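Please read this note with the sequence and the model side by side. Each numbered point takes up one topic and gives the cut-offs of its terms where they are needed.

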Amino acid sequence: MEKPATLEARNITRLYKSSGRGVTGVSFEVDPGEIFGFMGPNGSGKSTLLRVLSTAIAPESGSFRIGGTDGTREKQKARAGMGLMVDRPTHYGDLTAWSNAYLFARSYGIDKGKAEGVLAELFDFFGLAEYKDDRVKTYSYGMGKKLALIEALAHGPQLLLLDEPSLGLDYASQLAYQKKIRELAASDVAILVASNQV
């Protein structure tokens, strides 16, 4: 039996009054295990669409469902099933990378033991284990992006929303990112990637 789509978007419109730019009438589906990509230049609406789908802003019209949950009416439940990585992630700079990620994981309800195990594995995978006790304000842009990926993955989401995920990553980190994405897709995680790069 075919599995239902993890993400269903129907006629989503969200325009900014100041510029008139945004997205109009966008519809698509992302199935379990599918890697779905949006490509376009800066200002084409990719980040706006991800902000709508992450429930950060409401659409002017249209609707979307995440794992069957209405993203406009049940925002908290919809957010629980997704992981989000924005193009320019923000962290608590005076906290360590581990503290940032741990706080994030615990906010999703992951118990202490599981959070520590999952984070240790992810920090090692993305090459941040030796820097986990450094304050994030000392991190480079690329290191901050890797930390954001860890935070997006820690709670085991069924849907990943990634905005320019490989931008700023060095070659080895890009390979690690690509490997992880393939692993997640193989385990039925739906992945939506927005980028202006191939």
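**Charged pairs, burial and backbone**

1. Lys180 and Glu183 both belong to helix α6 (residues 171-186), where they sit 3 residues apart, about one turn of the helix. Helices (H or I, at least four residues) and strands (E, at least two) are DSSP runs, numbered from the N terminus. An α-helix has 3.6 residues a turn, so residues three or four places apart point the same way. The side chains of Lys180 and Glu183 meet in a salt bridge, with 3.4 Å from N to O; a salt bridge is a side-chain nitrogen of Lys or Arg within 4 Å of a carboxyl oxygen of Asp or Glu. Lys180 is buried, with a relative accessible area of 10%, whereas Glu183 is partly exposed at 35% relative accessibility. Here buried means under 20% relative accessible area, exposed over 50%, and partly exposed in between (1.4 Å probe, protein chains only).

2. Before going on, please keep in mind that this is a predicted model, in which local features need pLDDT of at least 70 and side-chain atom pairs count only at pLDDT 80 or more, while totals for chains, interfaces and linings use all residues. Residues are numbered from 1 along each chain as its sequence is written, and side-chain values use heavy atoms, with hydrogens and water left out.

3. How many salt bridges does the structure hold? There are 7 salt bridges, and one of them pairs Lys145 with Asp87 at 3.9 Å, N to O. This pair links distant parts of the chain, since Lys145 is in helix α5 (residues 141-153) and Asp87 is in the loop between β6 (82-85) and α3 (97-107), 58 residues apart. Lys145 is buried, with a relative accessible area of 0%, while Asp87 is partly exposed, with a relative accessible area of 21%.

4. Another salt bridge is formed by Arg73 and Asp70, whose closest N and O atoms are 3.9 Å apart.

5. Is Lys146 buried or exposed? At 8% relative accessibility, Lys146 counts as buried, yet it has no salt bridge, and the nearest side chain of opposite charge, Asp170, is 4.5 Å away. For charge, Lys and Arg count as positive and Asp and Glu as negative, whereas His and the chain ends are not counted. The side chain of Lys146 does reach the backbone oxygen of Phe126, at 3.3 Å. Leaving aside neighbours within four places in sequence, Lys146 is in contact (heavy atoms within 4.5 Å) with Phe126, Leu128, Leu169 and Ser173.

6. Helix α1 (residues 46-53) is largely enclosed by the rest of the structure, because 6 of its 8 residues are buried. The buried residues of α1 are Lys46, Thr48, Leu49, Leu50, Val52 and Leu53. After α1 comes Thr55, whose phi is positive, near 75°.

7. Asn11, although it is not a glycine, has a positive phi of about 50°; Asn11 is placed in strand β1 (residues 7-15) and is partly exposed at 48% relative accessibility. Glu164 is not a glycine either, and has a positive phi of about 50°. Glu164 is found in the loop between β7 (159-163) and α6, and Glu164 is buried, with a relative accessible area of 5%.

Technical notes. Polar contact = N/O pair within 3.5 Å; in protein donor to acceptor, adjacent residues only side chain to side chain.
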